[in-house]
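Have a look at it first.

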Amino acid sequence: MGGWAIAVHGGAGVDPNLPAERQEEAKHLLTRCLNIGISALRSSLPAIDVVELVVRELESDPLFNSGRGSALTANGTVEMEASIMDGDGRRCGAVSGISTVKNPISLARLVMDKSPHSYLAFSGAEEFAKQQGVEMVDNDYFITEDNVGMLKLAKEANTILYDYRIPITGLESCAASVESPIHMNGLPISVYAPETVGCVVVDGQGRCAAATSTGGLMNKMTGRIGDSPLIGAGTYAGELCGVSCTGEGEAIIRGTLARDVAAVMEYKELGLQDAVDYVIKKRLDKGFAGLIAVSNKGEVAYGFNCNGMFRGCATEDGFMEVGIWE
Amino acid sequence: MGWGVALHGGAGDIPRDLLPELCQLREACLQRCLNIAIDGISAHKSPLDVVELVVCDCLLIHILKSNVCPLYFTCSDPRFKGSCPQSEASGFHVLLPVVLTNNGTVEMEACIMDGSTKNRGAVSGLTTVVNAVSLTRLVMEKTAHIYLAFDGAEAFAREQGVETVDSSHFITPHNIERLKQAKAAHSVQVDYTQPLPIVDEPQVPNGDSQIGTVGCVAVDSSGNLAAATSTAGLVNKMVGRIGDTPLVGAGTYANKFCAVSCTGKGETILRATVARDVAALIEYKGLTLKEATDFVIKESTPKGTTGLIAVSAAREVVTPFNTTGMFRACATQDGKKEIGIW
């Protein structure tokens, strides 16, 4: 017990037909990010800095749905969102509607540290980014060919695609044409979760932090905000734990998932794994989601009720694990 | 078990020496909104419909949120005539309750939540939509999403044919004056400033939002709960700033245990996930509504930052606040009725 712990995720709800190379690529990326976090923790970097560092790395890699490689809106553009929370003092920062800032999670950090507010969005956030001198790029930087293809498929199927990474050649196994699609707010949606990324950390001093970043849903309406930037839903960190969620935004928001993990720990006095299990089992109703969490005691846990979640975790006593399936 | 309703027009450092005529006006408006709520819920309208109606209507009656003599400015829009007979009879005119960003523009946000299904809708960054909360209802019922903002939300509003006005409608001499004062004080506040005469701006810790939000919660005789909140946020806020109001779990929340709507310093309410915490304390710790809200108002949030209204499935109705005052009104089917400012 005690000591640092770290977990990362690259999204919950994975295509069971995901090609082996993609699975390997994902595991490599998760491992690499985990190692970056571990080195930082070994050099005593505080939790809040570690989560930002790791999520930046995930954003920069086009593999998952955040930063470069983000899902596209119905207009073919990218609108990213992210949030970060420092359990020490429960300070938080969030951004939405980001289209030219290279690392949305760092902008969220600046909102937390350098603005009088907790959440900035769209043109106001971009303005703030300019003032702060953060690295800006054209919206094209974030758009990958893969995603352009996925958007087309999504439009054809006229659904909001969960997983934009369905291989273009394997249309037969494409969820868009699945027999009984899951419904989200009455519209059909494919089974796969968007590959939002996140990181939670408890450092050697017992401070927890959490960060989440995403491009959102493929083919979403312009202006749509999901769970990732919402403190209490997709991200939360308090004295007892740090949590980052991924999956059906609707379900995560309705279940105020991240906050609930902390709430059952605080008010029902459950331990971390029990809290995670409780929330996944009882708070999701018919929704699909997953989450990663750390506690101030140096524990790490994750849970998901859907088909797989890209994740990795490690603790100071040498435990390390990277996985996709159950 | 009967119904219960509560509504608020913002919490803050409301000066106790507020002009009597203004007190009366505000109380009259609170009374009016309360009557709308009571009429709706007694006529078996769903709590979701009732909270939407009340918040929309409250919005048309600015006085809850304005803290200056309304004679200072007027709105000549004929739609608002007849909305508040008392105010017109005394020569006051109805105004639109919006405050300005640091660019002199307007950005409104709102959220509605249905406790029985936990469905919800939220909007942010609206500049021309008259009834933000009605748009949230449409987001909830007509889109695959929960939360739309800025250009996307405005585009959706037009698609749905909701009522819009030119954003200049919301920019009144009063609002411009308040913005000027806030900028002069380098503060981001919706504080209780009397422009005529200029008095010391009550300094709020960190200079953050106090007044400027309207909300309603309701429970019907079957135990269905709903909550809705609407706001323009903080005077002199940064363009693009989103507060607690549209964030489920922070400023607005409803489930089968209770319905909550908050007002006050947005950033505080967000970090303390106030609305969700009230419900969580009831659900996980078995507290009553009163115990849960007392805890949140007294322990989880610093003094001078937060107020809330809440109703529970057990038909409790509470309106606690840790600020100087909160414009509020509540009623239950068994005859309890209360209107208050301090």
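## Rings, charges and chain B

Searching the whole structure turns up 5 aromatic pairs over all chains. Here a pair means rings of Phe, Tyr or Trp (its six-membered ring) with centres within 6.5 Å, where planes under 30 degrees apart are stacked, over 60 edge-to-face and the rest tilted. One of them is A:Phe64 with A:Phe310, a tilted pair. It ties together distant parts of the chain, 246 residues apart: A:Phe64 is in the loop between helix H2 (47-60) and strand E2 (80-86) of chain A, and A:Phe310 is in strand E14 (residues 309-315) of chain A. Helices (H or I, at least four residues) and strands (E, at least two) are DSSP runs, numbered from the N terminus. Both A:Phe64 and A:Phe310 are buried, i.e. under 20% relative accessible area, with exposed being over 50% and partly exposed in between (1.4 Å probe, protein chains only).

Before going further: this is a predicted model, with local features needing pLDDT of at least 70 and side-chain atom pairs pLDDT 80 or more, while totals for chains, interfaces and linings use all residues. Residues count from 1 along each chain as its sequence is written, chains are lettered from A and ligands numbered from 1 in the order written, and side-chain values use heavy atoms, leaving out hydrogens and water.

Another tilted pair is A:Phe122 with B:Phe150. A:Phe122 lies in helix H4 (residues 122-132) of chain A and B:Phe150 in helix H5 (residues 150-160) of chain B, so this pair joins two chains. A:Phe122 and B:Phe150 are buried too.

| Pair | Centre to centre | Angle between planes |
|---|---|---|
| A:Phe64 and A:Phe310 | 5.3 Å | 50° |
| A:Phe122 and B:Phe150 | 5.2 Å | 35° |

There's also a charge over a ring: the charged end of A:Arg68 sits over A:Tyr141, 5.7 Å from the ring centre. The test is NZ of Lys or CZ of Arg within 6 Å of the ring centre and within 35 degrees of the ring normal.

Now for chain B, which has 9 helices and 12 strands. Of its 342 residues, 69% count as buried. Taking contacts (heavy atoms within 4.5 Å) in chain B between residues at least 6 apart in sequence, 66% join residues at least 24 apart.

Helix H1 (residues 20-42) of chain B has 23 residues and spans 32 Å from first C-alpha to last, close to the expected 33 Å; that expectation is 1.5 Å times one less than the number of residues. Just after H1(B), B:His44 has a positive phi of about 65°.
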